[in-house]
Amino acid sequence: MHSPIVQKGIGLVAAEYLRLVWKTSKVVIEPADIYEQMNSQLPIILAMWHGQHFLVPFVRKGQPAKVLISRHHDGEINAIAAERLGVGTIRGSGDMGRRFDRKGGVGAFKAMLTAIEDGWSMALTADVPKISRIAGAGIIKLAQYSGRTICPVAVASSRRIELRNWDRSAVNLPFSRIGVVAGELIRVPHKADENELEAYRLTLQAALNSATERAYAIADGHRGDHRG
C-alpha cells in the first residue's frame, strides 16, 4: 500500500464508506446542548481515544477543523480520507510528552498552535502511541500553550466489528444506532505546574473513559458497562 495511487483510492473509498455509515444511522448526542457549549469556546481541542476516531469528522458540524495524523505510511490513507471529508491535516507524532523531539513532534506541535491561532479547531487522539486508553501529556500541553478548551468525545455504533489490535479499534457499520458523547470541557491554566498538568492528564483520561462507556451504552440501547 505504498503506491500513492493505491493509497488515494483506499482513502477515498474509506471516506465515502464512513459517510454512508453516518447517513444511514440514527445519531444520539449527549449532552443535547454540547454544540452550544462548544460554540462559545471555539476554536476547541477535540480529544478522543485512538480506534474511536473514524466518525469524528461528522461531529464537527461544519466548523473548520484539522486533525493530527502520524507520518507512517498508513497515516497517508487516513489523511486522504480526512481531507475528503473536509478536515484539514497536520502530520506528525502526538507523543509530545515523552519523545517530543521525534517523529516530527516539535513541528507538529508548532503547526497545531498556528492552526488554533488561525481559528481552526484541532482534533487528536489522546492515547500515548501504542498504549491504549492512557492519555499522553501532549494534548494537555497543547491546551496549556494555546489557551483553548479540551472537549473529550467518544463515538460508538451499535453495529461494529471490534478488532483485536492495540487500540481496540471498532469498525463502524451502516444502519447503526450511534452514540456521540462529550465529557465536561477541560481548560488547562497557562501557569499550571507539572503536578497540576498531571492532574489534568488524569482528568482527561477519566473523562474519555466515562464518555466511552456512555457512548457504548447509548449505541447498544442499554445502560450497561462497556469499556470498548
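Two strands pair if DSSP finds at least two bridges between them. Helices (H or I, at least four residues) and strands (E, at least two) are DSSP runs, numbered from the N terminus. This is a predicted model: local features need pLDDT of at least 70, side-chain atom pairs pLDDT 80 or more, while totals for chains, interfaces and linings use all residues. Residues are numbered from 1 along each chain as its sequence is written, and side-chain values use heavy atoms, without hydrogens or water.

**Sheet**

Ala-65 stands opposite Ser-121 in E5. Strands E3 (residues 65–69) and E5 (residues 121–125) run parallel, joined by 3 bridges. The open sheet has 7 strands in the order E1-E11-E8-E2-E5-E3-E4, with mixed pairing. E1 (26–30) and E4 (88–91) are the edge strands, each pairing on one side only.

**Helices on the sheet**

Contact means heavy atoms within 4.5 Å. Axes are lines fitted to C-alpha atoms, for helices over the stretch in contact; angles run from 0 to 180 degrees between N-to-C directions.

| Helix | Strands | Angle |
|---|---|---|
| H5 | E2 (45–48), E5, E8 (150–157) | about 170 degrees with E2 |
| H6 (residues 194–220) | E1, E2, E8, E11 (177–182) | about 30 degrees to E8 |

**H4 and H5**

H4 (residues 105–117) packs with H5 (residues 138–146) at about 45 degrees, axes 10 Å apart. H4 contributes Phe-109, Met-112, Leu-113 and Ile-116 to the contact; H5 contributes Gly-138, Lys-141, Leu-142, Tyr-145 and Ser-146.
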